[in-house]
Amino acid sequence: MNIAGELGIVYALLGAAVAVLFAGAGSALGVGIAGQAAAGVVTEDPSKFAKVLIIQLLPGTQGLYGLLVGFITLSKIGILGGGIADVSVSTGLLILAACLPIGIVGLISGIAQGKTAASAIGIVAKKPEQFGKAMLFPAMVETYAILALLISFLAVNGIQV
Amino acid sequence: MSNTKYTYAVARIRALEVSLFNDAFIEQLLSLGTAEQVLQAVMEKGWGDVSADSSMDAVLKREEEKAWEVIRDVAPDMSVFDVMSYPKLYHNLKAAVKEVYTRSGREGIFYDDCSIPGREMLRIVENREFSKLPGDMGRTAQEALEILLHTGDGQLCDITVDRAALEAMYAAGKRSGEPIIESYADTTVAIADIKIAVRAQKTGKSADFMRSAMAECDSLSVDQLIRAALSGADEIARYLEGTSYAGGADALRESPSAFERWCDNRMTETMKTQKYETFSVGPLLGYLIARENEIKTVRIIITGKQNGFSDDAIRERIREMYV
């Protein structure tokens with residue numbers, strides 16, 4: 001058994017896991033924080049349910065980005081849709097490094113976006129007609145999750161297996 | 001993530017802030033002709049209970065209860081609100097000590113919407129079960145009762161309990177670990193000290209009397225305040241000009257009611273920044289103070305109209321609103 005060869009695929013899988021785990025955790029925490037605020041508003045004014053639900057879901061995208069990078073990685077190393085590729089240690093480490101941006105930025109931006117979303121829900125609670133503006137503040141945080149997704153996506157795609 | 005424990009509570013308060021009275025609505029109330037119309041207008045806004053007594057006292061008392069019900073419902077930790085509940089608790093202690101001494105059997109002298117309601121407080125003081133009282137309250141109760149039993153001096157008993165209440169508020173503010181609660185407690189103690197200084201100056205009380213009535217706080221020096229009070233009313237105002245209560249100096253020169261109004265407005269002004277907080281206890285405290293302020297203002301308008309005050313005279317006394 002070629003241990004060095006096995007390690008390569010382990011590193012690559014670890015990359016997929018990092019992307020899905022950290023970005024997913026960021027989204028879970030973010031949606032959770034915004035959800036508390038949304039529940040608070042709906043307790044007093046159920047008519048605002050639809051508006052606060054939309055804002056609550058904004059931090060959920062990081063998890064999807066992590067999932068996307070995870071899928072691409074799995075398909076790249078052949079775990080999805082075919083035989084497992086022969087991944088060298090250096091290639092495995094490259095894939096792991098490529099997955100880090102969306103993992104780390106996904107975690108941090110998910111929490112930050114959740115907090116911003118909770119504050120934005122406060123705007124909707126007091127001034128529902130300002131819903132559009134309220135959406136923009138948490139959406140700004142999204143920019144950095146998208147940038148991280150872009151780099152992870154290009155990097156994983158660019159690595160030759 | 002522990003700093004998000006107030007997220008739900010603050011969002012609920014945000015939704016409730018919409019129903020707080022603004023300055024424009026207070027102006028509308030002022031323009032109404034009679035006290036009954038004012039009461040009717042606030043009841044149309046949902047004040048009081050539909051099926052219950054619709055007298056002013058009942059409606060305003062119910063509103064105070066509602067404000068506390070909301071806070072009790074949303075706050076994850078009520079201990080930070082000790083600072084707000086101590087005045088009622090210590091009032092109950094004072095009333096119980098005097099009741100035990102005088103045996104007057106008077107009704108309606110206690111607050112029941114606090115952690116130790118009147119009847120229980122009376123039973124504790126009667127049976128000398130001081131250990132059942134929280135913190136230093138037991139020691140205060142024993143001291144106040146002994147003063148009254150040995151000297152019969154009601155005023156000395158009052159200042160002993162009042163000072164203990166201020167010290168308990170100050171300590172609760174420090175204990176809360178929340179800067180806004182700490183600042184509220186400190187300001188409340190400082191304002192109480194200023195009021196004591198003003199009244200003591202007017203009645204010619206000694207430095208020792210003032211020292212036994214005032215409590216220490218961060219924003220004022222009790223010693224300097226006492227020295228100023230001994231030198232005259234102008235000296236008190238002059239001393240305040242050099243502190244963070246400078247605005248109160250002019251109000252103090254104007255009239256006692258102007259100073260009371262300034263105190264409440266300053267508190268509201270301090271709290272207004274809490275309208276933009278999302279993750280701290282500040283908005284809860286801000287809401288509670290806003291409700292108390294609102295209730296006080298409606299009471300001033302109704303009693304002003306009942307006593308035939310002019311709109312201008314009432315306007316001088318009404319407080320700024322939080323929203």
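Student: Which residues in H5(B) meet H7(B)?
Tutor: This is a predicted model. On the H7(B) side, the contact includes B:Met137, B:Thr140 and B:Ala141. B:Ala144, B:Leu145, B:Leu148 and B:Leu149 in H7(B) also take part. Their partners in H5(B) are B:Leu93, B:Val97, B:Val100 and B:Tyr101.

Student: At roughly what angle do the axes of H5 and H7 of chain B cross?
Tutor: H5 covers residues 82–102 and H7 covers residues 137–151. The crossing of H5(B) and H7(B) is right-handed. Their axes come within 10 Å, and the angle is roughly 35 degrees.

Student: Is H4(B) roughly parallel or antiparallel to H15(B)?
Tutor: Take the angle between the axes. H4 (residues 56–74) and H15 (residues 282–306) of chain B cross at roughly 175 degrees. Angles over 145 degrees count as roughly antiparallel. So H4(B) to H15(B) is roughly antiparallel.

Student: How many charged residues are in the contact of H4(B) with H15(B)?
Tutor: H4(B) brings residues including B:Glu63 and B:Glu64. H15(B) brings, among them, B:Arg291 and B:Arg299. The contact has 10 nonpolar residues and no polar ones, and the charged count is 4.

Student: How far apart are the end C-alpha atoms of residues 134–156 of chain A?
Tutor: An unreviewed UniProt entry lists these residues as a "transmembrane region". The chain here is 100% helix and 0% strand. The end C-alpha atoms are apart by 35 Å.

Notes: Residues are numbered from 1 along each chain as its sequence is written. Chains are lettered from A and ligands numbered from 1 in the order in which they are written. This is a predicted model: local features need pLDDT of at least 70, side-chain atom pairs count only at pLDDT 80 or more; totals for chains, interfaces and linings use all residues. UniProt positions are given in the numbering used here, feature names are shortened, and annotations may be inferred rather than shown by experiment. Helices (H or I, at least four residues) and strands (E, at least two) are DSSP runs, numbered from the N terminus. Axes are lines fitted to C-alpha atoms, for helices over the stretch in contact, and angles run from 0 to 180 degrees between N-to-C directions. A crossing is left-handed if the near helix is turned anticlockwise from the far one by less than a right angle, and right-handed if clockwise. Two residues are in contact if their C-beta atoms, placed from the backbone, lie within 7 Å. Angles under 35 degrees count as roughly parallel, over 145 as roughly antiparallel, 65 to 115 as roughly perpendicular and the rest as oblique. Ala, Val, Leu, Ile, Met, Phe, Trp, Tyr, Cys and Pro count as nonpolar, Asp, Glu, Lys and Arg as charged, and the others, Gly among them, as polar.
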